[in-house]
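Q: Hey, can you walk me through this one? I'm new to reading structures.

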Amino acid sequence: MLMGMIEIDSIHAFEDESFLKTITRWSVAVMVVGAAAAGFVGWFDAAGPTAEAVTFEGLANGWGWPVAVLAYVLLLALLTAVALTAHEAVHALCFKLFAPKGSRVRFGAQWDRGMIYACAEGIVFTRAQYLVAVTAPSVVVTALCASMGAAFGWPAFAGLVAALHLSGCTGDWFYAWTIARNGKIFACEDTSWGVRFLGEEPAGENEEDAG
């Protein structure tokens, strides 16, 4: 920890049931809204001669609807996994950018919670640096999904991938929300179990300890 800083709050991402319940509710809401938005786009997409409509309809006509749907679901699962992997890579790049030279960033998983993570164990970041690190994947990966969907003519499919990815970002949003609403948080220490939020040590505490 930095001199003059003490822990004023923390989030144990794999153990805090209140945190887990909150991000689960947020995730469900994101998936519902995202799927509805993608379905709305798909409804218009199917009415026109776009690459998405033509490819899916052609596959369905050639191999049958069950095969077309299965292929769609498998591809969706694969690209969602790629998006979530890219998400953690963006976290790692931000940590490496802001951390002292030679700092180690590692990856891990809590499979029983369905979570993967990038961790800069014990590294203390400023408030602004940590806000960038936790929100960057939501922006970067969503922008990539939108760009790829536009480039290949599959906007509805890309929208579904983006929605599934964003449903996995809610823990990051909770971190950012916690920091944003507490002006006393000056720095954040990343840990393998979550994050420590650091603030200024109360005036006079050092003097009392010294006495």
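Q: What should I know before we start?
A: This is a predicted model, where local features need pLDDT of at least 70 and side-chain atom pairs count only at pLDDT 80 or more, while totals for chains, interfaces and linings use all residues. Residues are numbered from 1 along each chain as its sequence is written, and side-chain values use heavy atoms, with hydrogens and water left out.

Q: OK, the sheet. What's the order of its strands?
A: The order is β1-β6-β5-β4, an open sheet of 4 strands with antiparallel pairing. Strands (E, at least two residues) and helices (H or I, at least four) are DSSP runs numbered from the N terminus, and two strands pair if DSSP finds at least two bridges between them.

Q: Which strands sit at the edges?
A: β1 and β4 (124–126), and each of them pairs on one side only. From one strand to the next, the twist averages 30°, with axes being lines fitted to C-alpha atoms and angles running from 0 to 180 degrees between N-to-C directions.

Q: And what holds strands together in general?
A: Strands of a sheet pair through backbone hydrogen bonds, either parallel or antiparallel.

Q: How many bridges join β1 to β6?
A: 7 bridges, with β1 covering residues 5–12. M5 is opposite E200 in β6.

Q: How does β6 pair with β5?
A: Antiparallel again, over 4 bridges, with β5 at residues 187–190. D190 has V195 as its bridge partner, and C188 has F197. A hairpin of 3 residues connects β5 to β6.

Q: Why call β6 largely enclosed?
A: Because 5 of the 7 residues of β6 (residues 194–200) are buried. Buried means under 20% relative accessible area, exposed means over 50%, and partly exposed is in between (1.4 Å probe, protein chains only).

Q: Switching to helices: how many residues of α6 are buried?
A: 8 of the 11 in α6 (residues 170–180), so the rest of the structure largely encloses this helix. Among them are F174, Y175 and I179.

Q: And what span does α5 reach?
A: Helix α5 (residues 155–167) has 13 residues and reaches 18 Å from first C-alpha to last, close to the 18 Å expected at 1.5 Å a residue. Its buried residues include F157, V161 and L166.

Q: Last one: is L79 buried or partly exposed?
A: L79 is partly exposed, at 34% relative accessible area. L79 belongs to helix α3 (residues 65–98).

Methods
The expected span of a helix is 1.5 Å times one less than its number of residues.
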